[in-house]
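Morning, everyone. I have one model to go through today, and I will keep it short. Here it is.

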Amino acid sequence: MPLKGTDIVKKLPDGGKKNCKECGFPTCFAFAMKLAAAGTTLDKCPYLAADVKAELEEALAPPIKLVTIGKGGAALQIGNEEVIYRHEKTFIHPPGIGLLISDKEPETTVGDKLAKVKELQFPWVGRVLKADVLALQSQSGDKSKFEALVKRACDTTDLPLVLISEDVDVLLSGYQLCSERKPLLYPVTKENIEKIIAAVKNKPTPLAVRGSSVEELVPLTIKLKEAGLEEIVLDPGSRNFRDAVRDQTLIRRAALKQNFKPLGYPTIGFPCFMSNDEVKQVLLAAMFVIKYPGIIILSDFDQYSLLPLLVQRLNIYTDPRIPMSVEQKIYEIGEPTSESPVLITSNWALTYFIVASEIEGSKVPSWLLVKDTEGLGVLTGWAAGKFSGDSIGPFVKKSGIEEKVRHRRLVIPGKVARIKGELEEALPGWEIIVGPREASEIPAYLPNLVQKWKN
Ligand code: SF4
């Protein structure tokens with residue numbers, strides 16, 4: 001269970017009665033409450049004894065540790081999850097979807113897979129959905145073959161790497177070639193743990209621990225932590241659907257409900273090792289997106305299997321409490337001039353992207369004003385008072401659009417035609433034009449409107 005503010009305050013100086021305000025809070029109690037809510041940090045209080053600080057640091061650490069694989073912009077962060085069920089709050093770090101490449105595969109297959117993982121990118125409501133991990137496996141047991149594969153992958157992509165080999169010497173030889181990229185090494189087992197600790201101790205790197213059961217993972221993670229290696233990923237070794245769900249759930253519950261630190265790490269799932277059937281692998285991956293691995297490795301995919309998986313991941317990891325929205329501002333569609341039309345819509349991401357793409361389709365360069373409705377669509381925003389004439393008027397004035405266009409004509413969505421009157425009052429000098437009800441009518445509507453203005 002997470003530490004409560006009332007527990008923390010007892011450990012603060014003078015039993016929480018010092019109240020010197022040096023932390024920026026009026027009382028020790030206020031500081032404790034904020035700490036419990038992860039709104040401040042322990043170092044703000046200069047009077048904490050070292051042992052108390054260490055104790056609180058341990059108790060306040062997230063129940064599932066954050067692990068970063070890879071470096072730079074492509075790095076993958078997993079862990080830090082706070083809930084068992086997504087509807088309780090939200091899931092935080094979407095799992096990395098990875099493609100497995102073996103050093104036993106023909107050169108052409110390796111080339112095709114490396115190209116595929118780069119090319120399969122899907123623009124999706126303002127984002128780009130894509131696979132985020134490359135798993136390189138030594139099946140041959142041949143150091144030079146594995147090294148060649150690692151080199152080739154490093155030259156081709158900056159994706160985070162998972163290095164896989166049952167032979168620890170082969171694994172470490174691949175690691176030496178790409179240690180700067182912070183790859184995840186797999187598997188760390190009771191047989192090879194000493195050798196791996198010795199190899200990476202001076203340059204900590206994420207390690208994926210494999211046991212033949214959940215219980216077997218515990219002494220391994222304790223040993224790694226004692227060696228100062230805390231970026232750990234767990235594989236309980238389950239290789240069928242039923243056992244995998246059971247073990248993933250057990251680990252998540254132990255971390256979140258019992259605050260059992262030795263299992264407080266993200267996990268990895270291997271559909272690629274659970275079935276040779278690619279369709280079954282995708283189904284297993286879909287299950288893992290929900291429960292609960294931070295990395296999911298498939299032996300292959302194409303656009304038809306990858307896209308649904310990525311969309312499912314997006315849906316599961318989108319915070320259900322926060323509608324997807326875009327920034328309130330003026331968007332330029334095409335290269336608008338001072339004579340171009342000005343349209344307005346709400347900042348719900350879906351509305352924005354549909355309207356923007358229909359304007360683009362009309363081939364009429366335009367200014368699109370996007371008003372913050374806290375992610376609500378046009379009609380819902382109007383019903384909630386966030387897309388009314390009273391609120392749009394001040395936004396238009398402050399937006400800076402009056403400096404960009406010579407005319408004073410604003411096209412509003414047809415669905416809120418009723419705000420025309422109040423908007424005319426709020427924007428004196430502006431002509432308010434009621435546009436189409438549906439965005440799909442824009443490509444026919446805009447060229448006609450511009451032509452009418454010219455005549
Ligand atoms: S700095 Fe420390 S002792 Fe002072 S009020 Fe804040 S928590 Fe209390």
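I start with a sheet: five strands form an open, mixed sheet in the order 13-15-14-16-17. Strands here are DSSP runs of E, at least two residues, and helices are runs of H or I, at least four residues, both numbered from the N terminus. Two strands pair if DSSP finds at least two bridges between them. At the edges are strand 13 (329-333) and strand 17 (431-434), each pairing on one side only. On average, neighbouring strands of this sheet are turned by 30 degrees against each other, direction ignored.

Before going on, note that this is a predicted model: local features need pLDDT of at least 70, side-chain atom pairs count only at pLDDT 80 or more, and totals for chains, interfaces and linings use all residues. Residues are numbered from 1 along each chain as its sequence is written.

Strand 13 pairs antiparallel with strand 15 (residues 366-371) over five bridges. Which residue in strand 15 is the bridge partner of Tyr331? That is Leu368.

Helix 16 (residues 389-399) packs on the sheet and touches strand 13, strand 14 (342-346), strand 15 and strand 16 (409-412). Touching means contact, with C-beta atoms, placed from the backbone, within 7 Å. The direction of helix 16 makes about 130 degrees with that of strand 15. Axes are lines fitted to C-alpha atoms, for helices over the stretch in contact, and angles run from 0 to 180 degrees between N-to-C directions.

As for the whole protein, an automatic or database assignment sets the domain bounds: domain 1 (5-60), domain 2 (67-316) and domain 3 (329-454). The centres of domain 2 and domain 3, taken over C-alpha atoms, are 46 Å apart.

Methods. Two residues are in contact if their C-beta atoms, placed from the backbone, lie within 7 Å.
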